[in-house]
Amino acid sequence: MAKQRGSRKHRKATEQEEEDHHEPTVAEEEEAEAKEDEQLEAAAARDAEGGAAAEDEVQLESGAMGGEDKVEEEEAPEAATGGDEECKEEEEKEVSFDELGLDEQLKRALRKKGLIKATPIQREAIPLILEGKDVVAKAKTGSGKTFAYLLPMLHELLKLSSEGRIRKSAPNAFILVPTRELCQQVYNEASSLLEFCTSKLKVVQVNASMSDKDITVALSGPPNILVTTPACVASCISKGIIRGPSIKESLSMMILDEADLLLSYRCEDDLKALVPHIPRSCQSILMSATSSSDIEKLTKLLLHNPFVLTLTEVGYAKDEVIPRNVQQFLISCDAKDKILYILALLKLELIQKKVLIFVNSIDSAFKLRLFLEKFGIRSSVLNAELPQNSRLHIIQAFNARLFDYLIATDDNKSKEAKQANKGNKKDSRVSRKQLQQTLDAEFGVVRGIDFKNVFTVVNYDMPPDTTGYVHRIGRTGRANKTGASISLVSPEENGIFQEIENMLKDVEKKDTSCISPFPLLTKNAVESLRYRAQDVARSVTTRDIKEARRQDIKNEILNSDKLKAHFEENPRDLDLLKHDKLLSNKEIPAHLRDVPEYLIDPTTKEASNAVKLSRAAMGIDNPRRRKRMGFKGGSGKSSDPLKTFSAEGRTRRRGWKERDGEQDRRKRKKVES
Ligand SMILES: Nc1ncnc2c1ncn2[C@@H]1O[C@H](COP(=O)(O)OP(=O)(O)OP(=O)(O)O)[C@@H](O)[C@H]1O
């Protein structure tokens, strides 16, 4: 593995390049925007990069929650990174993409994204893959595994293409991922890297929601790279859309991304069906965030004498499954009080936005959404019932900061899926059909999805297993940004919580707990909201939940086709992406929308202010930043009650109007809380 360490000269060049990426003036930005013809995703990703530095600075000043564990600026780097020595070690190992010998056109695409230095997994895996080795790479969530395989793969294919050695009877590379959402995400990433050489390589994604005709059209050519799920590729082979002998002739590389999840998505048989068609010469790469017996199974099935990159080998001082830039907290409470605790966290602004909240059933998700809505907190629900276009666009809209709170049921193992399975055991055909009708088997909200700039992940319900925990928490702290997680643990969930704690201690070789009690929420603050919360929770009936669920699907189905057509023509127009519209058309009473000042104790007020200050320091509400994300008009602060709520008590303004026009409250009378 030929590797150059970061020389001073190189570092200087890198600094210069970073300076070149200065914040543009408004005029420059407008001019650039007029010229740019970029995908929404690329714009969001660039902004995420821009935000990273700012967020890291905030970590130094006020800790991840912007709360009471403030540290002096000089001391902070040590606290944040685990010590000077470790920092130096990391710095010594820094390698730029230039040093990895990648194709010039790929480097140009990386520069355009503002990516200069390789992450540890990238700097270790890229040279090995370029050497032609089979590789099994295990690295924590958000560590950049996608580019770790995409870059060397594209480099090799570009080389073959320029030497005229590409075989064209079937795709040259398969990238197999567990879910459709990931197909789309990986396809977007690969396309963005090929921006400066579109005529040389073609990448397509196909999934089970497409008709055979559409799949056949997509695969005509054929493309060089196929991003798909194991189920879809197996079906293409069995239907003769891709011929086995052609795969044998053309396939030179196969990637199994999110390999730890592939088998849990019932992909084993599909992968076994593929094995006889894979040529012996095919290089196989397996990427995973966690270790499991499934990984070993897959390794045996598909790889030849692979090089195994484990967590320590990719440059981290110690093994870690949760990025060290993520602070993990817990709140112990009764199951019935969870709704009260989440209200306190959000309404008193004790956690940093954006927030991703995980629940274990779709009904719980809608109950929570309706409940929060009654307090003026708007959110969106992401679940397996929604049409695929809607799911993709909810993720896109959340990434673009069109709303701050997303409630997700995290995979097809939700309570509903389990019930559907259980209830239909007698007739497995009915069971499968019913399940497919209601819940999409290839759906995966969380796993591997690159949510941008999620600061806090909340486990409203604990995940069913330790892998679920790792993947959920992995939606924050991505690409070295700071983040936090809060798990609401009821006595009934103590078992799984202990399992998670033991796993973390085991991996990180620690005796002490890795998950600390959340320090910013006082008993007084919770109790001050209890009466209202209980009252409102009671008013959200099962019928309301059923109706909201039905209404949401209806809206999203209507929107789904519009979204598809519209975004093909206007990839940057976010007007349709308002997935947090109010479910109820009733006016929010003032006493619920605003928390009166006398209810908020001084400690809570202080904590809330600290969180707000750190948010301001991150520049999250900066109008120029919002504009780059695709917002039209101003900050929206003047018309959105979410943005005007203050834990210090509210300065009432006369007449305001809901942004989406559901309710015109201009004539609303001034009512004292
Ligand atoms: N070299 C880099 N420098 C900075 N950011 C990077 C770099 N490489 C990738 N990223 C960004 O890091 C984020 C996480 O990357 P990616 O999705 O590949 O992580 P992952 O390891 O596959 O995570 P998961 O296991 O959750 O799927 C992405 O937003 C990506 O654009």
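The structure is a predicted model, in which local features need pLDDT of at least 70, side-chain atom pairs count only at pLDDT 80 or more, and totals for chains, interfaces and linings use all residues. Residues are numbered from 1 along each chain as its sequence is written, and side-chain values use heavy atoms, with hydrogens and water left out.

Around the ligand there are 22 residues, of which G142, K145, T146, E258 and D450 come nearest; a residue is near if one of its heavy atoms lies within 4 Å. A polar side-chain atom of D450 is 2.6 Å from an oxygen atom of the ligand, and R475 also places a polar side-chain atom 2.9 Å from a ligand oxygen atom. Of the 650 Å² of accessible area that the ligand has on its own (Shrake-Rupley method, 1.4 Å probe), the protein covers 92%.

Side chains of opposite charge can pair when their charged atoms come close. A salt bridge here is a side-chain nitrogen of Lys or Arg within 4 Å of a carboxyl oxygen of Asp or Glu, and the whole structure holds 25 of them. Where does K107 find its partners? One is D98, with the closest N and O atoms 3.6 Å apart, and another is E104, at 3.5 Å from N to O. K107 is buried, at 12% relative accessibility, while E104 is partly exposed at 46% (buried means under 20% relative accessible area, exposed over 50%, partly exposed in between, with a 1.4 Å probe and protein chains only). Together, D98, E104, K107 and R111 are linked in a network of salt bridges.

Technical notes
A polar contact is a pair of N or O atoms within 3.5 Å; within protein, one must be able to donate a hydrogen and the other to accept it, and residues adjacent in sequence count only if both atoms are side-chain atoms.
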